[in-house]
Amino acid sequence: MKDLAHLACEIKDDKSLWERMNVPNVGKVLLVEESYYDGIVEDLEKVKNQLAEVIARNLTAWDTSKDKRHGLLPEVYLKNVNLYKKLTGEEYSFHKAVEKFNLE
């Protein structure tokens, strides 16, 4: 997966992806092909899904831990529950997370 710094360099190097334009009352602007951003959006979606899976793994590990003193701190667990909802759009449920991310 490309990182954003690499993508920024790529857009500077590949002249077919961009063109400079002088806009009246604005100045010089850089116009970028819309298709370039499609790749960035795809990469961000992949990262979002990977992050949701990692959080789901942490939450399910906590839920199955017999000794909670050696696992995630409760405040980390609660933070992960909130992040899980933001990333997936749904409330965390052990069984749903196991099924969704094929965790066993």
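Thr-60 touches Tyr-92, Phe-94, Ala-97, Val-98 and Leu-103, leaving aside residues up to four places away in sequence; contact means heavy atoms within 4.5 Å. Thr-60 sits in helix 2. Helices here are DSSP runs of H or I with at least four residues, strands are E runs of at least two, and both are numbered from the N terminus. This is a predicted model, in which local features need pLDDT of at least 70, side-chain atom pairs count only at pLDDT 80 or more, and totals for chains, interfaces and linings use all residues. Residues are numbered from 1 along each chain as its sequence is written, and side-chain values use heavy atoms, with hydrogens and water left out.

**Around Thr-60**

- Thr-60 is buried, at a relative accessible area of 8%. Buried means under 20% relative accessible area, exposed over 50%, and partly exposed in between, with a 1.4 Å probe and protein chains only.
- A polar atom of the Thr-60 side chain lies 3.1 Å from the backbone oxygen of Arg-57.
- Glu-104 is in the segment after helix 4. Glu-104 is exposed, with a relative accessible area of 92%.

**Aromatic pairs**

- Rings of Phe, Tyr and Trp (its six-membered ring) pair if their centres lie within 6.5 Å; planes under 30 degrees apart count as stacked, over 60 as edge-to-face and the rest as tilted.
- This rule gives 4 aromatic pairs. In one of them, Trp-62 and Tyr-77 have ring centres 5.7 Å apart and planes at 40°, so the pair is tilted.
- That pair links distant parts of the chain, 15 residues apart: Trp-62 is in helix 2 (residues 34-64) and Tyr-77 in helix 3 (residues 74-88). Trp-62 and Tyr-77 are both buried.
- Tyr-77 also pairs with Tyr-92, edge-to-face, at 6.5 Å centre to centre and 90° between the planes.
- This second pair also joins distant parts of the chain: Tyr-92 is in the loop between helix 3 and helix 4 (94-100), 15 residues from Tyr-77.
- Relative accessibility is 15% for Tyr-77, which counts as buried. Tyr-92 is buried too, at 14%.
- Ring pairs join Trp-62, Tyr-77, Tyr-84, Tyr-92 and Phe-101 into a cluster.

**Helix 3**

- The 15 residues of helix 3 should span 21 Å at 1.5 Å a residue, and the end C-alpha atoms are 21 Å apart, which agrees. The expected span is 1.5 Å times one less than the number of residues.
- Buried residues of helix 3 are Tyr-77, Asn-80, Val-81, Tyr-84, Leu-87 and Thr-88. They cover an arc of only 135° around the axis, so they lie on the same side of helix 3. The arc is that of the directions from the helix axis to the C-beta atoms.
- Helix 2 and helix 4 are among what covers these buried residues.
- The face turned away from the buried side carries the exposed residues Glu-75, Leu-78, Lys-79 and Lys-86.

**Confidence**

- The chain has a mean pLDDT of 79, and 77% of its residues reach 70 or more. pLDDT is the predictor's confidence in each residue, from 0 to 100.
- Among the elements of the chain, helix 4 has the highest mean pLDDT (92) and helix 1 (residues 4-13) the lowest (58).
- Where pLDDT is low, the predicted coordinates should not be read in detail.

How values were computed. Polar contact = N/O pair within 3.5 Å; in protein donor to acceptor, adjacent residues only side chain to side chain.
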